[in-house]
Amino acid sequence: MSNIFFFGEWQVDPAANTLRQGKQVQQIEPKAMAVLLLLCQHANEVVSTDAIVNHCWPNTETGDNPLHKTLAQLRKALGDSATDPRYIETIRKSGYRAIAEVRYPLGQEQSLSEQSWQHGSPFPGLQAYDERYASVFFGRGTQISTLLERVAQQVKYGRAFCLLLGPSGSGKSSLVNAGILPNLMQNGGYHGIEVLSYTSLDLADVAPQQLLLNLASALLDWELQDEPVLTGYSAEQLAAELISAPQSIIAKLSAALSNGRQNLKCFALFVDRLEVLLSSPLFNEEERSQFVALLELLACSHAVLVLSACRNEFYPLLVNYPTLMAGKAKGAHFNLAAPNRTDLLQMIRLPALAAGLSFDIDPDTAVPLDETLCSEAASNPDALPMLQYTLQQLYLQRSSDNKLLVAVYKKLGGIEGAIGKNAEQAIRTLTTTEQASLPAVLSLLVTLREDEQSITSRSARFSQLNTDAERALVQTLVEQRLFVSHLQQGEPCFSVAHEALLRRWPRATAWISEHHDSLSIKSRLLHLQQRWQAEQQNSAYLLAPGKPLQEALQLKHNPLFQLDAAELAFIDASTNKARQKRWLRHGTIATLCLLTVMALTMSIKSYNAEQQAQQKRLAAENLLGFMVGEFADKLRSIGRMDLLDGISNKALEYFTDFNNSSTLQSTEAMLQHGQTLTAMGEVAYSRGKIDEASAALNAGRSQLEAVLELQPTNLELLKTLGANAFWLGQIQYDASNWQGTLPEFERYYQYSELMYELAPDNLDAIMELSYATSSLGSLAMKQQQFAVARENFEESLRLNTWRKQSSRKITNCWPIVLTPDPGLPAPVYLKATYNWR
């Protein structure tokens, strides 16, 4: 028992070792306090002498003499008598018993009496606790003790005024109405202060021009012994006298109290929602100053205790009224924090115990319902009113054996589900115009996270509300604890009490779904604007022209969404940059157009010159083509390839010069280049220049294969490639390199076979295939593969015979009788001895 409690008419403070009765304070020894605490812990029970000694003087041989002296001191301090006891009774040969009532301050856990509540639900729901719920108002024991001490200090200083500050929904009104005032109104009061009658004034209910009239009406509610204290006044008369002669009112109050030397008795006035007075346009500055001056006068009258509650975000407005700030340094201001987990458990469990309620256990998780409620509320301190609403609904739907059920909790959707239902009830109390302002208010509060999918909320400033309907809507939702107000950078703001409101309230979810695209744009704009500001407004972080900027401009002109100054500045800067880029682009386009006209003019001139050069080049290429083509065939037939030497060199010079120029070769020119190189290889071979021949033939192959990729069905190209392969194979054949000869002769055969497949009636194709087959036969003979050689020679002969039969007419065909060169394969001999004309 370390907290203050009451023993009969005495207030016992164990920490200070004091007994208080009104203004009288008795200081006692620590051992005397220890004995008193032990007896009070076992009130109305006999505690033996040995038990007291062992507890208070452990491990000490004292006898019972110290106990007798201590009890004598206690009885003297309590004004008690051993022969006629009212507090501590001596039980002969047994011990001692505390016979006076032991009680604890309301709101403390020790004050709980199980199944003592018989007045329906112990949970008031969304309504604030009042004096009717004082015996089940738990979870704020520490705050009650602290604030009662603050009250006593202010009364001692001669200025009985305390201001309670806290966010919306933190329980300020409940703390005063169910915690502070009921304790002060107990018989004997608290800390020597006893409130005989109290009244309250909620400034949110005051109509324009009715401030003093409402104050007068509240003061008329003070009663003593069921009789009005200020008799003979109407509300209007009392309001007038509060202005003209307030001291006469104070004199009547003091006379009614008849304060003696024991307790300081007084009246109490609780002014709730002081922020309305400070901020509402309903009141002018003269009314505010007049009202605050009257509160100060009452607080200093020694007859009235003035308590007030104000949302902490309006604290900067208090600075304008020195009398409201006067007692801050002496503890007149009390900040109410959100409840912790221990507080929440007391709020849930202790009222239930008082009402004889029990909690169901979740069959799926084996977690008791009270633990589940505590966990959900602890993670969302702003949901304290919603917790009370949920508890009330659980009570109304309890089982027949007074158990709060998990099934009902799940049906409600937990605390979040309760929020949605309460929101709909609140909105239906408003007018049609006020309900219609909900979209405008939601547009200030709802936003998306950076992923543009997750819904979240943000704070809005009260100054952003443009109409009375919007202000009325916000005020109603704040009063219903669906919105909370707070201070942000010194400016009053509001936000949703719980984001579950945005997920569980059908009106909100429907609006969010309808405007999701606009919310995405607004969220994106917010984050981009913040990044732009963080980067010292670097132009690189502005909106890009096109869709991003167009979306932002559409949002700017959307009357439903309100953009702040920073967002508007961001859009304007982006627009200016886009305009500059647009003008720069137009200038660039104009310059490019001019350059294009000039380039076209030069191109036309260049094209004409190129056409003339092309015509000359084509004429030269045609001449070269004849020389390395048909003319070379005629020279080859008479064995005078040496005459082609000069022509080939000139052709090669031409193509070399052409390659060194910037002009691309045509396909025909590339073919002629390859034919020239192949012809030079033949000439070099005929002169015995084998290395020079190999180099020319390989270079020719490169040119010809490049053309083959473009013209795979060109018969003239395939014939030249076949000849090229034959001569490269012949060089290897002469060196008796049969392994090097085989791939070249096979390549010759492949090109010839492709010619034949493309043009089976073409005499050149048949002849080349016959030669290629004969070449493979000759190679097989050298390799002593006689069966393969025989097969190839027979095939060559068959092709040659079929070619003769297929020819319509063969004229001027005669054999030139020459002695075959045994060093040449059959195709070389045939090519050297036959000329088909």
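Which residues lie nearest the centre of the largest cavity? I took this up as the opening entry, working from a predicted model.

**Entry 1: the largest cavity.** I searched the whole structure and found four cavities of 30 Å³ or more. The largest cavity has a volume of about 210 Å³. I listed 20 residues in its lining, and those nearest the centre are Tyr 129, Gly 171, Ser 174, Leu 384 and Gln 388. By class, I recorded eleven nonpolar, seven polar and two charged residues in the lining of the largest cavity.

**Entry 2: the second largest cavity.** I noted about 60 Å³ of space in the second largest cavity. Its lining consists of Ile 521, Arg 524, Leu 525, Leu 528, Leu 543, Pro 548, Glu 551 and Ala 552. Helices α23 (516-534) and α24 (547-556) each supply at least two of the lining residues of the second largest cavity. The largest share, four residues, comes from α23.

**Entry 3: Glu 275.** I located Glu 275 in helix α9, which covers residues 274-279. Is Glu 275 buried or exposed? I class Glu 275 as buried because its relative accessibility is 3%, and the cut-off for buried is under 20%. Leaving aside neighbours within four places in sequence, I found Glu 275 in contact with Ser 280, Ala 309, Cys 310, Arg 311 and Phe 314.

**Entry 4: cysteines.** I looked for disulfides and found zero in the structure.

**Entry 5: the chain as a whole.** I counted 34 helices and 21 strands in the secondary structure of the chain. Of the 837 residues in the chain, 47% are buried. The chain exposes about 40900 Å², and carbon and sulfur atoms supply 51% of that area. I lastly took the contacts between residues at least 6 apart in sequence, and 67% of these join residues at least 24 apart.

Note on methods:
Residues are numbered from 1 along each chain as its sequence is written. This is a predicted model: local features need pLDDT of at least 70, side-chain atom pairs count only at pLDDT 80 or more; totals for chains, interfaces and linings use all residues. Side-chain values use heavy atoms; hydrogens and water are left out. Buried means under 20% relative accessible area, exposed over 50%, partly exposed in between (1.4 Å probe, protein chains only). Contact means heavy atoms within 4.5 Å. Accessible areas come from the Shrake-Rupley method with a 1.4 Å probe; for residues, only the protein chains shown count as cover. A disulfide is a pair of cysteine sulfur atoms within 2.5 Å. On a 1 Å grid over the protein atoms alone, a cavity is a set of points where a 1.4 Å probe fits but cannot get out, and a pocket is an open set with protein on both sides within 12 Å along at least five of seven lines; lining residues have an atom within 4 Å of a point. Grid points are joined across faces, edges and corners, and a volume is the space filled by probe spheres set on the points. Ala, Val, Leu, Ile, Met, Phe, Trp, Tyr, Cys and Pro count as nonpolar, Asp, Glu, Lys and Arg as charged, and the others, Gly among them, as polar.
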